[in-house]
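This report describes helix packing, ligand surroundings and backbone geometry. The structure in question is shown first.

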Amino acid sequence: MVSSSLHPMKTAFITGITGQDGSYLAEYLLKQGYKVVGMMRRSATPSTARFAAIEDQVEIGHGDLLDQSSLMRLLDQHKPDEIYNLAAQSFVHSSFHEPVHTGSVTGLGVIRMLEAMRLVCPQARFYQASSSEMFGEVQETPQRETTPFHPRSPYGVAKVYGHWATVNYRESYDMFACSGILFNHESPRRGLEFVTRKISDHVAAIVFGEKDKLALGNLDARRDWGFAGDYIRAMHLMLQQDTADDYVISTGTTQSVREFCRIAFERVGLNYEDFVVVDPRFFRPAEVELLLGDASKAKEKLGWEPEVDFQGLVEMMVDADLQRRLDRFQKPQRGTLPAGVKSS
Ligand code: NAP
Ligand code: F7E
């Protein structure tokens with residue numbers, strides 16, 4: 001295990017800094033003494049909300065995983081020590097509607113980053129955001145680094161490509177390239193389209209009288225859900241080792257979407273069965289029914305362990321969505337507010 005001592009003068013380059021993980025990782029690396037450069041793509045409405053608190057401490061470079069020249073220009077300009085490739089079209093459901101785009105960003109985008117690094121700064125260390133979606137129709141339980149992949153969506157297929165591209169560049173060019181096979185991780189900064197945040201936000205909306213129902217798809221899908229703030233520590237640890245390797249990062253527990261609903265509604269004294277309706281629009285052409293990770297390699301070699309458990313995660317997310325509404329001076333209409341969620 002390597003201790004997480006301060007790293008003055010090191011530069012970290014993060015793609016996907018506007019996303020959930022990018023914002024947590026940027027905060028963490030700043031605390032570790034890094035100079036942080038984040039890559040953002042052009043947007044009509046810039047999405048800087050997640051890292052607003054640290055915006056003035058982060059340097060932003062404009063680029064896109066679809067544009068090879070922008071990646072090479074940014075790496076040449078900043079000469080990073082560590083590259084965290086977190087950018088992706090990351091929503092599995094959308095990947096069925098935009099399979100080619102997903103393949104180009106989430107799959108080929110990895111090769112574009114690796115090529116840019118090979119040509120511009122081959123001594124840098126590279127982290128690829130791989131995913132438990134690669135296991136898909138699981139071939140064994142729990143899933144570990146050696147479990148064969150069987151992806152069930154264009155997103156999963158693209159992530160398999162990115163994973164093997166990372167391994168291939170490590171083997172072909174002796175580059176320090178790691179693939180973190182992360183299971184689902186959530187937080188109050190999770191996008192509203194993902195099921196956990198959709199549930200926590202709807203619970204708060206129901207409490208505040210904005211909504212009466214929560215329409216969901218498959219309630220029986222099971223996931224190994226952890227807290228994003230724990231998982232970004234593992235990304236950093238992977239790049240501090242003597243040799244590059246691949247690691248599963250997970251909690252080692254699995255719960256259903258239904259169980260997430262039950263705890264989320266219980267947090268405000270309500271019964272999920274009174275509000276949740278099943279809507280076929282949210283089912284997928286092919287589903288990943290069960291994910292459960294075995295992170296013993298990460299525990300042994302990185303000294304990594306999660307700190308937030310499932311119940312703590314659900315409550316954190318519900319409380320944050322309630323608090324957001326209280327901060328906007330909204331008034332609760334039903335249910336009970338947990339202690340700790342208060343008007344400011
Ligand atoms: P996220 O919140 O959806 O963030 C995705 C990021 O990618 C955003 O910053 C987005 O920018 C950026 N992006 C999308 N297309 C891009 C492009 N063409 N060029 C440059 N940037 C682009 O995802 P996350 O939850 O933080 O996940 C981070 C990474 O881990 C992703 O690669 C995801 O697939 C992977 N992963 C996530 C989980 C999980 O449970 N969260 C688990 C395993 C793996 P905009 O703001 O402009 O859209
Ligand atoms: O779905 C079911 C859905 O969209 C979880 C991404 O970060 O983790 C994430 O992918 C489960 C699925 O996440 C709704 O069918 C039911 O079984 O929150 P999700 P995901 O597909 O697991 C992996 C590891 C990644 O790498 C991805 O980037 O919940 N579900 N009803 C629903 N899902 C959604 N979104 N909406 C529903 O209404």
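The sections below treat conventions, helix pairs, ligands and backbone features in turn.

## Basis of the model

The model is predicted: local features need pLDDT of at least 70, side-chain atom pairs count only at pLDDT 80 or more, and totals for chains, interfaces and linings use all residues. Residues are numbered from 1 along each chain as its sequence is written, chains are lettered from A and ligands numbered from 1 in the order in which they are written, and side-chain values use heavy atoms, with hydrogens and water left out.

## Helix packing

Two packed helices are described by the angle between their axes and the distance between the axes. Axes are lines fitted to C-alpha atoms, for helices over the stretch in contact, and angles run from 0 to 180 degrees between N-to-C directions. Helices (H or I, at least four residues) and strands (E, at least two) are DSSP runs, numbered from the N terminus.

Helix α1 (residues 20–31) packs on helix α7 (residues 228–238) at about 65 degrees, and their axes are 9 Å apart. Contact, meaning heavy atoms within 4.5 Å, joins Q20, D21, Y24, L25, Y28 and L29 of α1 to A228, G229, I232, R233, M235 and H236 of α7. These residues comprise seven nonpolar, three polar and two charged, where Ala, Val, Leu, Ile, Met, Phe, Trp, Tyr, Cys and Pro count as nonpolar, Asp, Glu, Lys and Arg as charged, and the others, Gly among them, as polar.

Helix α2 (residues 68–78) and helix α4 (residues 99–120) also have axes 9 Å apart, at an angle of about 40 degrees. That angle makes α2 oblique to α4; under 35 degrees counts as roughly parallel, over 145 as roughly antiparallel, 65 to 115 as roughly perpendicular and the rest as oblique. The contact of α2 with α4 divides into eight nonpolar, one polar and three charged residues. For helix α6 (residues 195–207) and helix α8 (residues 257–266), the axes come within 10 Å and cross at roughly 30 degrees. Helices α6 and α8 are therefore roughly parallel to each other. In this pair, V195, T196, I199, V203 and I206 of α6 meet V257, F260, C261, A264 and F265 of α8, giving nine nonpolar residues, one polar and no charged.

## Ligand surroundings

Ligand 1 is surrounded by 25 residues, the closest being T18, R41, D64, S90 and Y155; a residue is counted if one of its heavy atoms lies within 4 Å. Oxygen atoms of ligand 1 lie 2.5 Å from a polar side-chain atom of T18, 3.1 Å from a backbone N or O atom of G19 and 3.0 Å from a polar backbone atom of Q20.

Around ligand 2 there are 22 residues, with S90, S131, Y155, R284 and E287 the closest. An N or O atom in the side chain of Y155 is 2.7 Å from an oxygen atom of ligand 2. For N184, a polar side-chain atom lies 2.8 Å from a ligand 2 oxygen, and an N or O atom in the side chain of R190 is 2.8 Å from an oxygen atom of ligand 2.

## Backbone features

Most residues other than glycine have a negative phi, and most peptide bonds are trans. The T141 to P142 peptide bond is cis, with omega near 0 degrees, and P142 is placed in the loop between β5 (125–131) and α5 (154–173). D174, not a glycine, has a positive phi of about 60 degrees and lies in the loop between α5 and β6 (176–182).

Definitions and conventions:
Polar contact = N/O pair within 3.5 Å; in protein donor to acceptor, adjacent residues only side chain to side chain.
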